[in-house]
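Okay, thanks everyone, I'll keep this short. Have a look at the sequence and the model while I talk.

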Amino acid sequence: MASPRTVTIVALSVALGLFFVFMGTIKLTPRLSRDAYNEMKRAYKSYVRALPMLKKMGVSSILLRKSIGALEVACGIVMTLVPGRPKDVANFLLLLLVLAVLFFHQLVGDPLKRYAHALVFGILLTCRLLIARQPEEQPPEKRMLSVNGDEQPPLHEAAPEKGKVKVS
């Protein structure tokens with residue numbers, strides 16, 4: 001049976017991956033929701049207006065929206081389908097992306113209700129990354145203590161039980 005840690009990581013990976021595929025697709029095409037797509041277009045225009053340095057670098061609102069959407073879709077697919085280390089890389093990239101989006105929202109003075117979802121999903125990405133980076137805990141019977149390079153049985157096995165005297 002899978003450990004609770006593994007179940008948590010898989011559940012978070014799939015849920016977050018599907019969410020970011022959905023949100024990235026909305027940024028790329030109006031097929032899912034024309035209203036949401038138009039709202040994204042308007043929002044990214046305000047982000048570029050608030051950061052004149054993007055204009056100087058030649059980054060238009062269309063390029064910014066489409067590149068963020070494509071990155072969300074790609075990382076979402078990796079989070080949902082690809083096993084191992086690439087999931088952690090996608091998780092980290094999405095976390096950086098969420099931080100950038102939160103910065104954009106703050107920059108243009110959006111109210112909290114406009115970016116609350118980004119905060120929640122940023123927290124979920126952080127939790128998933130922290131859980132995934134923790135070392136897998138071994139069952140007590142498998143653990144061995146290392147003393148001067150020699151493996152020793154766990155302390156509770158090496159020490160005599162209370163009330164019993166070990167005679168050699």
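I'll go through the core, then the annotated spans, then the aromatic pairs.

Just so we're clear, this is a predicted model. Let's start with the largest nonpolar core, which has 31 residues. The members touching the most others are Leu-16, Phe-20, Tyr-44, Leu-64, Leu-94 and Leu-125. Helices 1, 2, 4, 5 and 6 each give two or more residues to this core, and helix 5 gives the most, with eight.

Take Leu-125. Beyond its neighbours within four places in sequence, Leu-125 is in contact with Leu-16, Phe-20, Met-79, Asn-91, Leu-94, Leu-95 and Val-98.

Now the annotation. An unreviewed UniProt entry puts "transmembrane region" at residues 7-26, 89-108 and 114-131. In the model, 89-108 is 100% helix, and its end C-alpha atoms are 29 Å apart. The span 114-131 is also 100% helix, with 28 Å between the end C-alpha atoms.

On to the rings. There are six aromatic pairs in the whole structure. One of them is Phe-19 with Phe-121, stacked at 3.6 Å centre to centre and 0 degrees between the planes. Phe-19 sits in helix 1 and Phe-121 in helix 6, so this pair ties together parts 102 residues apart in sequence. Both Phe-19 and Phe-121 are buried.

Then there's Phe-103 with Phe-104, a tilted pair at 6.2 Å and 50 degrees. So which of those is buried and which is partly exposed? Phe-104 has 7% relative accessibility, so it counts as buried, while Phe-103, at 46%, is partly exposed.

Terms used: Residues are numbered from 1 along each chain as its sequence is written. This is a predicted model: local features need pLDDT of at least 70, side-chain atom pairs count only at pLDDT 80 or more; totals for chains, interfaces and linings use all residues. Side-chain values use heavy atoms; hydrogens and water are left out. A nonpolar core is a set of buried Ala, Val, Leu, Ile, Met, Phe, Trp, Tyr and Cys residues joined through side-chain atoms within 4.5 Å. Buried means under 20% relative accessible area, exposed over 50%, partly exposed in between (1.4 Å probe, protein chains only). Helices (H or I, at least four residues) and strands (E, at least two) are DSSP runs, numbered from the N terminus. Contact means heavy atoms within 4.5 Å. UniProt positions are given in the numbering used here, feature names are shortened, and annotations may be inferred rather than shown by experiment. Rings of Phe, Tyr and Trp (its six-membered ring) pair if their centres lie within 6.5 Å; planes under 30 degrees apart count as stacked, over 60 as edge-to-face and the rest as tilted.
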